[in-house]
Amino acid sequence: MLEHRLIIVTGKGGVGRSAVTAALALRAVHLGKRVLTVSMTDQTGLALHLGRERLDYEASEIRPGLHALAVHRPAALNEYLKVQLGVPKVTRMGPLARAFDALASTAPGIREVVTMGKVLWEVRKAAWDLVIADGPPLGQIGSHLRAPQTVTELVPVGKVREQADWMMELLADSSVCGMLLVTLAEELPITETQEALTWLTEHHVISPPQVVANRILPALDASSRQINGAGPGSVQEAALMHTALRAEQQKWLTELPPDLQLPFLFGLLTPPEVAARLADVWGEE
Amino acid sequence: MTSKVLLITGGGGVGKTTLSAALAVTAARNGVRTLVVTIDPARRLATALGLKNLGSEPSPHKNEPNLWAAMLDASASWKAIAHRHAPADVADRLVDNPFFEAATQHFPASQSYASAEEMANYVETRAWDLVVIDTPPSAGGIEFFSAPAEMRDLVGGRLLRWLTGGALPGRRTLFTLTARPALRIAGAALGSDLLERVAEFLMDMRTMYDGLARRAVQIEQHFRDARTVVVTTADPAPLREAARFYRELPDRVPDPDAIVFNRVLPDGWHNPKPPTDGPLIENLVRWGAEAHRQTEVRKEFAALWKTDIATVPWRPKTPTTLDDLAALIAKAKGLNLERLGVVPQ
């Protein structure tokens, strides 16, 4: 997975997408790569897992080898107009930017292509060995991956169209782009992940993703006789809770066997501690 | 008879849909005629509620006399909204326009608005004592309450004004966008009549303005009359969403009537006894650490925002029957069911 130049991480809300993104980035840095992590949404999850309050549009250094930025929409739009469409600054501000914003809110694909454009532009700049994107939630991943295609259907000629063409090529190149779907071993995340896998198989916009199951409970090394023998009380309660939760998880894992399992982390951990622990697990695999 | 409204909000993955259903079942079993409007329930939960297909038509439950359930279909709701608020010919044109679907998916407030308008429709039929609304996950929490104002603003021409550089054109034949220098450049970049098509679409959207503005005022009145439950777990992301209810201005967001921590571990696991070793003790120690973390997070939240907290226990099995759902509320601590309208006063 880490041989790619871009990894897009996605998953249903609440499955730990940002933690996994941060962990993957730490792992890649540990292997000596120059890494950029990008938050594609305006949520602060990635920032917190990197030990920051927030991330700016300008890439900032988190630690040697690791940079991070967040795609804030107005800034991304401005850069898109300047770098990709070659619109001079004087006309960028004001009416044009606002007109473009109106367009981006209405016409399918435009908003997503601006966000995807920023990420793919960073890949193309080749200042990093690896770009890891904390992507949009699973429900929006299709419209983002398909955005360049949507735009070419909408806009037959012109600069926006030309930009969409190279984006599609880059995304579809399996040596460049990889994808991680993060899930939990629960009904809704598993069902949505299966639906996303079907969609991705049908649309061929990106090479087949890997699935990471997060917060997986370890096996309890005790027989049911031992558990019964413990007698009523918190020891037995915790054991019954654990075995029941684990059985439920294992059932969902057989529905969708993941490429990697990350452990449930017990107790008081800060978001950066969570990312560091998960990165260690990644190293052991 | 007037319907009370119970809004269940919170971040993604906290169990909003399950708790909405659980509160609705509890209300129904207390003799309250209840409709629960869910969004994207798990299959087993949908089955328990007797829901088969997506659709906003409420259906009575086979085995639970006072319970009705419906599932929000935002796309269908938006088509109905267009037909309700725009002239018939314009509405037909709107729903066939590919921009319509994109716009109603893109506007951050649009799923919330669709849900809020359905809420108002259900309340006004007065067929139920209580309408329980599972709010859209995309809304996170507080955005649900600003959705009507947001939609009114958007439909009213904010985007169109931007597109035309300030003026709102009166008739579609009277304006040519390319006459404006800035838009000529945009036109060159986009290489087509795209901007004009967008402008035409936005002008069609504007015909909904009067109807939608009136409706928004009514919806906001329903919000003021509603009870609000904020659901969270002890995880950082949903906690940030929950805290926004206290950080935002009170005229934007109501004070929650209950803060519910879901998936709570038992109290007695903090200090495992007896102090021996072995896998069972190790297991209790790690779960005890998790229980301790949860307690600390709840204490911190309660102290910071000076609020009472209700708890719902972590059940190893997802509820699959109405009895499971009712048991969830029966085992909850600190929930004032009278205040929420779930138990008659």
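**Figure 1. No salt bridges cross between chain A and chain B.** The count of salt bridges between chain A and chain B is zero. A salt bridge here is a side-chain nitrogen of Lys or Arg within 4 Å of a carboxyl oxygen of Asp or Glu. This is a predicted model: local features need pLDDT of at least 70, side-chain atom pairs count only at pLDDT 80 or more, and totals for chains, interfaces and linings use all residues. Residues are numbered from 1 along each chain as its sequence is written, chains are lettered from A and ligands numbered from 1 in the order in which they are written, and side-chain values use heavy atoms, with hydrogens and water left out. Eight residue pairs, both members at pLDDT 80 or more, are in polar contact between chain A and chain B. A polar contact is a pair of N or O atoms within 3.5 Å; within protein, one must be able to donate a hydrogen and the other to accept it, and residues adjacent in sequence count only if both atoms are side-chain atoms.

**Figure 2. The interface between chain A and chain B.** In contact (heavy atoms within 4.5 Å) are 61 residues of chain A and 52 residues of chain B. The buried area between chain A and chain B is about 4700 Å², and carbon and sulfur atoms give 69% of that. Buried area is the accessible area (1.4 Å probe) that two parts lose on being put together, summed over both. On the chain A side, A:Thr106, A:Glu187 and A:Met241 lose the most area to chain B, together 13% of what that side buries.

**Figure 3. The side of chain A that touches chain B.** Which elements give two or more residues to this side of chain A? They are helices H2 (45–49), H4 (89–106), H5 (110–125), H8 (159–172), H9 (187–203), H10 (224–229) and H11 (234–255) of chain A. Helices (H or I, at least four residues) and strands (E, at least two) are DSSP runs, numbered from the N terminus. The residues of this side divide into 36 nonpolar, 14 polar and 11 charged. Ala, Val, Leu, Ile, Met, Phe, Trp, Tyr, Cys and Pro count as nonpolar, Asp, Glu, Lys and Arg as charged, and the others, Gly among them, as polar.

**Figure 4. Salt bridges within chain A.** Over all chains, the structure holds 21 salt bridges. One joins A:Asp165 to A:Arg161, with the closest N and O atoms 3.4 Å apart. Both residues lie in helix H8 of chain A, four residues apart, about one turn of the helix. A:Asp165 is partly exposed at 28% relative accessible area, and A:Arg161 is partly exposed at 25%. Buried means under 20% relative accessible area, exposed over 50%, and partly exposed in between (1.4 Å probe, protein chains only). A network of salt bridges links A:Glu79, A:Lys118, A:Glu122 and A:Lys125.

**Figure 5. A salt bridge between B:Arg29 and B:Glu64.** The side chains of B:Arg29 and B:Glu64 meet at 3.2 Å, N to O. B:Arg29 lies in helix H1 (residues 16–29) of chain B and B:Glu64 in the loop between strand S3 (55–60) and strand S4 (67–71), so the pair ties together parts that are 35 residues apart in sequence. B:Arg29 is partly exposed, at 39% relative accessible area. B:Glu64 is buried, at 9%.

**Figure 6. Helix H12 of chain B and its end.** Helix H12 (residues 279–305) of chain B has 27 residues. From first C-alpha to last, the helix reaches 39 Å, close to the 39 Å expected at 1.5 Å a residue. The expected span is 1.5 Å times one less than the number of residues. B:Glu296 is partly exposed at 29% relative accessibility, whereas B:Lys299 is exposed at 52%. Just after H12 of chain B, B:Lys306 takes a positive phi of about 50 degrees.

**Figure 7. B:Ser20 in helix H1 of chain B.** Buried or exposed, where does B:Ser20 fall? B:Ser20 sits in helix H1 and is buried, at 0% relative accessibility. A polar atom of the B:Ser20 side chain lies 2.8 Å from the backbone oxygen of B:Lys16. Leaving out residues up to four places away in sequence, B:Ser20 touches B:Ile8, B:Val36, B:Val132 and B:Asp134.

Figure 8. Most residues other than glycine have a negative phi. B:Arg126 has phi near 55 degrees. B:Arg126 lies in the loop between helix H6 (110–125) and strand S5 (130–134) of chain B, partly exposed at 47% relative accessibility. Phi of B:Arg263 is near 55 degrees. B:Arg263 belongs to strand S7 (residues 258–264) of chain B and is partly exposed at 26%.
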